Amino acid sequence: MVPTLWGRIQTRLFMLATVGAIITLLIVPVLPGSSGPLSERYLNGFLVLAAVGVLGIVWELIYHFLMQFRWEKDWPTLFGLLTLVPEGLVLYFLLRSGAVDVIDPVPPAAFWTHFTVVWVCIWLVTNGPMRVPFIRWRFRGGRVL
Amino acid sequence: MVAAAGIPMYDIPFLTVGGGMGSFVTLDYLRIYGVPTSQMRVVSNIDHPWQTYEFLTRCSQIPRGERIRSDSSSRPDNLWGFPSYALEEAWKEKKPSYLWQILTEPLLNDYWTPRAGTVFENLEREAKRINYWDMLVKGQVRMVRRRAGGGYFTVVTPPDGAAATKRIIFRSRFVHIAIGYPGLKFLPDLQEFRTKHGDYQHVVNAYEPHEQVYEFLKTRPGTVVIRGGGIVASRVLQRLFDDRERYGLQTQIIHIFRTFVSGSHGPHIWSRRKGGDGWAYQGFNYPKSVWGGQLKAQMRKLEGADRAKKYKQMGGTNTPYRRRWQEQMRAGRSGGYYHPVQGTVDRVEHGQDGRLVSYVRSSDGIVREPVSDYIIDCTGLEADIAEHRIFADLLQHGGAFRNPVGRLEVERHFEVKGTANGDGALYASGSATLGGYFPGVDTFLGLQIAAQEIADDLARRGFVKKMGPLRSTSQWFKWAFNSSV
């Protein structure tokens with residue numbers, strides 16, 4: 001899928017709400033280094049997911065801008081995977097610094113496991129299986145609606 | 001009137017004319033959407049949909065074992081494009097390196113592209129699965145005309161002995177035309193030479209069978225002039241280089257570029273294409289975002305001159321940057337047997353020894369007169385649409401007209417503008433529709449995009465039910481298990 005700006009944002013939010021939510025449901029109870037009641041850990045997990053979504057809109061604007069320097073106006077598969085590094089780091093430091101005070105400080109191991117597993121799963125689904133139920137999605141630059 | 005003329009007439013709601021890749025992909029979509037074979041026919045003079053494609057790729061030096069220039073997830077046999085060809089080949093051949101290549105393309109590696117054979121084998125599987133041959137009617141279509149009362153008549157000449165009459169007629173509500181390239185286009189100076197001297201052996205088009213060139217070069221050292229800077233030129237060059245290497249040949253190659261690209265080019269930092277050594281480099285026929293990204297979205301909104309301008313901006317002959325080809329050309333330049341030059345050819349004549357002399361004028365005013373044994377025209381399949389009788393008739397009598405780049409003007413859903421008739425509709429896809437709201441028409445994925453638009457339009461008209469996520473998923477499983485739609 002070669003994204004348009006609106007398609008990028010929609011795909012991100014859609015993926016977080018589906019794949020991201022399912023993975024979070026499955027993974028939160030077994031995340032390393034986390035403690036406290038399960039309900040709080042779930043709440044925190046979903047808030048992290050929401051933060052990836054909100055911050056992600058800004059990221060997508062940046063990616064869209066960078067994409068303009070590419071003749072093909074495409075976004076190679078590998079970029080979609082590697083952007084987990086800057087996005088993860090920025091979010092991690094924001095959370096550690098307490099800038100996002102609705103989210104409790106997350107233990108590093110729990111954060112990175114959760115973040116990486118969700119990211120890789122979304123990346124895998126976006127690069128193939130998504131096209132099975134949604135046949136028009138790839139031709140619309142990633143727009144779901 | 002038709003009945004009175006004694007011509008047999010058959011009613012069929014959806015008829016596709018052509019029987020090549022465009023017809024196949026459209027039928028595949030409609031079969032998967034849920035249209036039974038009894039509702040559709042394809043009229044064609046070829047036996048299987050990939051026949052012409054395979055002929056052209058083989059002539060232009062892509063036999064089944066070689067790789068075509070097409071994205072891994074553009075699968076005409078699988079409308080979902082999943083699993084991609086790369087996954088399939090990696091699985092079947094136990095080659096994880098393909099996965100690494102597809103992951104790192106086009107950054108650390110060349111684009112991964114499928115083998116021609118992989119494409120054809122899968123097409124055969126899918127054609128069987130959708131009962132393609134139950135829908136095939138052999139024959140030559142003479143014309144498609146609007147009929148009083150809506151829909152269309154399609155006049156067909158069946159093969160000798162196949163029918164009692166010389167013509168048969170189909171009456172349909174919907175007709176789809178996908179007849180491919182109207183013909184080969186030769187460079188004017190080469191056409192003139194061929195006509196004047198009746199020599200079709202030494203001046204050849206790369207899309208014609210021209211194995212005699214390579215065979216001759218195996219028997220004695222020779223010189224070949226290549227014309228053109230696109231994918232076919234790259235392929236032919238590779239063949240010449242490969243043969244040189246494999247058989248220890250002495251072949252000399254003179255490569256004439258009309259437009260010699262010496263580096264990145266484009267008007268703006270946001271629209272600059274890479275290039276060098278004569279070539280403009282691009283992964284596929286069009287910039288990738290044509291099939292779903294930004295360029296597709298932009299073009300969809302443009303009309304008239306603005307659209308033509310956008311086409312011009314992203315157009316131009318180009319070829320992919322492939323590391324193997326770069327190596328071969330580098331070796332050729334340093335070894336003194338590959339000579340790329342810029343120039344336009346005024347004329348071609350026979351020299352005193354009977355060989356071919358090209359009179360090449362460069363933009364700096366220098367005139368060169370290279371002598372060669374063969375000239376291979378690699379400039380393309382770009383004949384005018386009116387050279388095909390069906391289009392000529394549609395333009396003259398059917399209400400169709402040309403788009404800003406001179407081909408057939410179609411709607412965003414690929415209905416041919418000006419040809420609507422009652423509750424019927426006439427669609428076209430493929431190269432004839434280049435210049436429309438969607439640019440990548442003459443590509444695998446472009447044909448699928450067109451087919452989807454057509455299928456969805458047919459759904460709006462009540463011919464079939466629009467395919468949603470549930471049916472799509474269940475149909476995908478049927479595809480995966482190779483069970484009937």
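How many bridges join strand β2 (residues 14–18) of chain B to strand β3 (residues 40–44) of chain B? In this predicted model, local features need pLDDT of at least 70 and side-chain atom pairs count only at pLDDT 80 or more, whereas totals for chains, interfaces and linings use all residues. Residues are numbered from 1 along each chain as its sequence is written, and chains are lettered from A and ligands numbered from 1 in the order in which they are written.

Strands β2 and β3 of chain B run parallel and are joined by 5 bridges; strands (E, at least two residues) and helices (H or I, at least four) are DSSP runs, numbered from the N terminus. B:Leu15 has B:Arg41 of β3(B) as its bridge partner. In chain B, an open sheet is formed by 5 strands in the order β4-β3-β2-β8-β22, with parallel pairing (two strands pair if DSSP finds at least two bridges between them). Strands β4 (136–138) and β22 (425–428) of chain B each have a single partner strand and stand at the edges, so one side of each is left without a neighbour in the sheet. From one strand to the next, the twist averages 20°.

Two helix pairs of chain B were also examined. Helices α1 (residues 21–33) and α14 (residues 444–460) of chain B pack at an angle of about 45°, their axes being 9 Å apart; axes are lines fitted to C-alpha atoms, for helices over the stretch in contact, and angles run from 0 to 180 degrees between N-to-C directions. Helix α1(B) is therefore oblique to α14(B) (under 35 degrees is roughly parallel, over 145 roughly antiparallel, 65 to 115 roughly perpendicular and the rest oblique). The contact (C-beta atoms, placed from the backbone, within 7 Å) includes B:Val25 and B:Tyr29 of α1(B) and B:Leu447 and B:Ala451 of α14(B). By class, this contact of α1(B) with α14(B) has 9 nonpolar, 4 polar and no charged residues; Ala, Val, Leu, Ile, Met, Phe, Trp, Tyr, Cys and Pro count as nonpolar, Asp, Glu, Lys and Arg as charged, and the others, Gly among them, as polar.

Helices α3 (residues 85–93) and α4 (residues 96–104) of chain B pack at about 160°, with their axes 7 Å apart, which makes α3(B) roughly antiparallel to α4(B). Here B:Ala86, B:Glu89 and B:Ala90 in α3(B) meet B:Pro96, B:Tyr98, B:Leu99 and B:Ile102 in α4(B). The contact of α3(B) with α4(B) has 6 nonpolar, no polar and 1 charged residues.

Terms used:
Contact = placed C-beta atoms within 7 Å.
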